Amino acid sequence: MDQKQLQQEVNKRRTFAIISHPDAGKTTITEQMLYFGGVIRSAGTVKAKKSGQFATSDWMEIEKKRGISVTSSVMQFHYHDKDINILDTPGHEDFSEDTYRTLMAVDAAVMVIDSAKGIEPQTKKLFKVVKKRGIPIFTFMNKLDRDGRDPLDLIAELEELLNIEGCAMNWPIGMGKELKGLYDIRNSRLELYRKDGDDRFLPLNDEGKLAEPNPIEGEGVYEQALGEVDLIKEAGNEFDLEKIKAGNQTPVFFGSALTNFGVETFLDTFLDMAPAPAAHKEQDSEEIVKPDDPEFSGFVFKIQANMNPNHRDRIAFVRICSGEFVRGMDVTLNRTGKVMRLNNATEFMSDQRETVKTAVAGDIVGLYDTGNFQIGDTIYSGKKAVQFEDLPQFTPEMFMEVQAKNVMKQKSFHKGMQQLVQEGAVQLYKKYTTNDYILGAVGQLQFEVFQFRMKNEYNCDVVMKPIGSRIARWIDPEQLDQSMSSTRNMLVKDLDDQPLFLFENKFAENWFVNKYPDIKLTSKL
Ligand code: G4P
């Protein structure tokens with residue numbers, strides 16, 4: 001591919017994640033998008049997968065049991081002139097570091113909110129991670145076919161709870177049984193509810209009203225919507241693309257994913273405004289790698305084992321940051337300096353995994369991994385070494401003591417532990433003096449997955465004893481005195497032998513800070 005072709009290809013890419021609280025409608029809207037992209041022929045396919053009907057590996061057993069999707073997957077499809085990568089982030093209550101890291105690999109995020117419930121806790125948590133990255137966030141207020149909260153309230157809540165400006169792109173005309181349509185401010189048209197085909201769109205006149213004959217003339221909700229639109233045009237946040245790009249303003253769309261109302265307009269407008277793949281900064285340097293740099297580069301943001309039980313394989317998910325990926329190419333793994341040939345790669349077309357032919361910056365490829373990769377690794381094809389910035393480590397909030405059930409299984413215990421920690425499935429600590437193992441995670445689910453995989457992949461039953469939720473704070477080894485430790489602030493060390501305290505709660509931390517005012521504690525985040 002020559003430079004011009006590469007540029008054109010890269011500009012077509014849109015890579016994003018959908019974040020939401022469970023049940024807000026993420027699966028339903030994803031499904032509608034896949035449907036528009038021609039990937040699935042009817043709604044229901046993804047749903048079936050979610051309920052476990054299409055579970056393809058024993059890895060999925062946990063998903064089945066808990067009725068949730070444990071792993072973030074990738075869906076790629078072509079829509080209009082764009083090539084889209086949707087990275088799935090499970091919205092269930094149990095967070096895993098996987099979810100967070102996935103958000104490091106996208107260029108934009110879609111936030112789905114249930115318009116009856118407003119902003120819920122998991123949305124808030126995921127939002128914070130996205131906000132830190134400074135990428136654009138697009139909001140879809142879902143379930144308009146049901147009675148929901150006042151749209152003006154919903155917009156105000158964005159500012160109050162998330163500290164982001166909301167800018168309405170369209171406005172509901174009624175809700176629930178009274179839902180008549182959407183006033184599409186941006187496209188200066190009206191979209192009628194429950195009408196198929198292009199005649200559901202009606203143009204607005206210069207006064208911003210429907211011309212005659214107007215099928216919803218005289219409806220109270222129409223008049224009310226006109227009034228509200230006037231109000232937000234006058235007093236609402238002004239549309240500002242620069243603010244949107246920086247993640248300081250979110251365009252807000254209303255609609256109903258289930259009845260496929262407003263989703264197409266949302267997708268079209270979103271794809272228009274969402275950025276093409278961004279440049280990536282290098283570690284400890286001012287250098288940036290541009291997506292249309294001819295040399296290939298990318299980073300591993302997730303490693304997943306056992307996607308296919310017949311192969312017992314691991315897949316390293318790589319976000320391509322520059323150039324073109326070609327099967328069979330040689331790349332250097334920066335961390336080790338090792339050159340490897342990438343013969344085996346996979347692309348993620350909805351359900352099926354297909355072998356990749358070519359992929360460019362913005363795309364995600366899955367590389368079959370025999371233990372070479374770690375989370376955060378950079379690979380590159382050129383002569384000049386590339387190292388992207390480290391992925392953030394998320395400070396664990398929950399801890400478990402762990403040991404092998406059977407002492408004779410020490411070998412497989414250590415092997416499994418080492419590999420799963422390397423994969424980034426959990427974080428590992430040791431008690432400072434006894435070297436007993438302690439696992440740290442951001443969500444309970446990570447422990448369950450760890451236990452399940454230790455048994456299934458390494459044939460080792462583990463016993464875990466909860467320490468509970470703790471606040472992890474690192475301390476300068478020079479300042480450490482072991483007598484500072486107690487049951488309320490357990491002293492442990494991380495993989496680099498750096499000491500840290502696990503405080504029982506904020507109160508215990510404050511007590512410590514008061515007692516030892518000269519000691520500096522850091523959260524590492
Ligand atoms: P999630 O992935 O964010 O967890 O949500 P999901 O799409 O699975 O949707 C959660 C529930 O909300 C589903 O109902 C779904 O049908 C419903 N839903 C999604 N979008 C809309 C919408 O626009 N309007 C209405 N009224 N409902 C919507 P469920 O009863 O849990 O599942 P199902 O039994 O209907 O499949």
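Q: Which residue stands opposite Asp88 in strand 3?

A: Ile18 stands opposite Asp88. Strands here are DSSP runs of E, at least two residues, and helices are runs of H or I, at least four, numbered from the N terminus. This is a predicted model: local features need pLDDT of at least 70, side-chain atom pairs count only at pLDDT 80 or more, and totals for chains, interfaces and linings use all residues. Residues are numbered from 1 along each chain as its sequence is written, and side-chain values use heavy atoms, without hydrogens and water.

Q: In what sense do strand 1 and strand 3 pair?

A: Strands of a sheet pair through backbone hydrogen bonds, either parallel or antiparallel. Strand 1 (residues 13-20) and strand 3 (residues 82-88) are parallel, over six bridges. Pairing requires at least two bridges found by DSSP.

Q: What is the strand order of the open sheet of seven strands?

A: The order is 2-3-1-4-5-11-6, with mixed pairing. Strand 2 (74-79) and strand 6 (165-168) are at the edges; each has a single partner strand, so one side of each lacks a neighbour in the sheet. The twist averages 30° from one strand to the next. Axes are lines fitted to C-alpha atoms (for helices, over the stretch in contact), with angles from 0 to 180 degrees between N-to-C directions.

Q: Where does helix 1 lie?

A: Helix 1 (residues 3-12) lies across strand 1 and strand 3, at about 20° to strand 1. Contact means heavy atoms within 4.5 Å.

Q: What is the phi of Asn260?

A: Most residues other than glycine have a negative phi. Asn260 has a positive one, near 55°. Asn260 sits in the loop between strand 11 (249-254) and helix 10 (263-273).
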